[in-house]
Amino acid sequence: MVENIQRVAQEIETAPLGNAAELEQFRITYIGRKGQIAALFDNLKEVAPEQRREVGQQLNQLKNRAQERFDQAQEQLSSSTESAGDTGFDFTLPTIPNTLGTRHPLSLVRREIVRIFERIGFNVAEGPEMEDDFHNFTALNFPENHPAREMQDTFFLSEDKNHLLRTHTSNVQVRLMENNQPPLRSIMPGRVYRNEAISARAHMVFHQVEGLYVNKGVSFKDLKETLYYFAKELFGQDTKVRFRPSFFPFTEPSAEIDISCLICKGEGCNICKQTGWVEIGGSGMVDPAVLESCGIDPKVYSGFAFGMGIERITMLKYQIKDLRLFTENDVRFLRQFEGVI
């Protein structure tokens with residue numbers, strides 16, 4: 001046993017440790033769980049009891065010496081690699097070709113929406129995503145106890161609920177009317193936030209585009225003709241549009257906007273629940289109380305507003321069935337839109 005310890009000790013002192021491969025071989029041969037030192041410890045039970053203590057001390061010294069030499073060699077190898085500027089990169093590997101990305105489908109649809117409305121005189125207005133209660137709710141005819149507030153699960157940023165992440169881009173409409181006098185004709189694309197469970201049809205972060213037109217003599221007919229034009233330009237000239245009576249605190253009268261199903265062409269399918277129609281947004285005439293709260297005389301001016309989700313429009317346009325694909329950044333999904341301009 002003592003002879004084996006002396007032999008292994010001599011091998012440890014003379015073993016080459018000049019590179020990473022030799023260092024790893026040293027670790028496996030001597031320090032590892034199946035190495036020679038571990039085998040010597042296993043054989044300790046065969047030593048006579050009166051010699052076992054002394055032999056055990058020698059084995060511990062051998063083990064410590066092997067670990068010490070390994071640590072010193074590892075530190076020297078690491079220092080020499082850093083001083084030589086070796087980053088560990090294998091320059092013999094083939095190069096990775098540079099590939100150009102493509103626009104996200106939501107960006108493509110947003111750009112197309114902007115272009116359509118720009119052709120009929122609308123400009124783009126933007127506003128903050130972190131908002132106060134007045135611009136997100138109160139100015140839009142949401143009193144504190146109004147049930148419509150419960151329709152939008154809000155991310156509040158303060159305990160007094162005065163600061164929040166906007167639940168719609170209508171806050172931009174309020175700021176636009178506060179700081180400008182009619183005529184006003186703008187669309188408001190942007191990101192909004194609601195505390196919703198993430199699923200194939202809903203997400204806590206999504207995008208909206210809203211529109212506002214305020215001037216003298218604006219009527220519901222102007223709203224309908226504007227949205228007829230938009231739907232046919234975006235979805236095709238064969239697209240049909242219908243308006244269903246609805247309720248929104250900030251418009252009166254109000255209407256939901258439906259288009260004929262793009263999948264079944266109005267015949268009825270699973271996507272449109274056999275109705276032939278798919279909802280894309282809401283609209284209506286701006287409530288006089290909203291105009292007044294923004295400093296515009298409702299006796300002189302009138303206006304219309306509309307809003308729709310960009311994700312919903314994109315899903316209809318490209319027949320995408322899972323909303324989560326927009327935020328997962330799966331390259332296989334995104335590459336499908338390389339040919340879209």
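Predicted model: local features only at pLDDT ≥ 70, side-chain atom pairs only at ≥ 80, totals over all residues.
Local features need pLDDT of at least 70, side-chain atom pairs count only at pLDDT 80 or more, and totals for chains, interfaces and linings use all residues. Residues are numbered from 1 along each chain as its sequence is written, and side-chain values use heavy atoms, with hydrogens and water left out.

Start with the strand S9, residues 302-309. Strands are DSSP runs (E, at least two residues) and helices likewise (H or I, at least four), numbered from the N terminus. Eight of the eight residues of S9 are buried, so the strand is largely enclosed by the rest of the structure. Buried means under 20% relative accessible area, exposed over 50%, and partly exposed in between (1.4 Å probe, protein chains only). In a regular strand, side chains alternate between the two faces of the sheet. Here Ser302, Phe304, Phe306 and Met308 point one way, and Gly303, Ala305, Gly307 and Gly309 the other.

S9 has antiparallel partners. Five bridges join it to S8 (residues 277-286), where Ser283 stands opposite Phe306. Strands pair if DSSP finds at least two bridges between them.

Phe304 and Phe306 also belong to an aromatic cluster with Phe117, Phe122, Tyr213 and Phe230. Rings of Phe, Tyr and Trp (its six-membered ring) pair if their centres lie within 6.5 Å; planes under 30 degrees apart count as stacked, over 60 as edge-to-face and the rest as tilted. Arg185 lies over the face of Tyr213, 4.4 Å from the ring centre. Such a charge has NZ of Lys or CZ of Arg within 6 Å of the ring centre and within 35 degrees of the ring normal.
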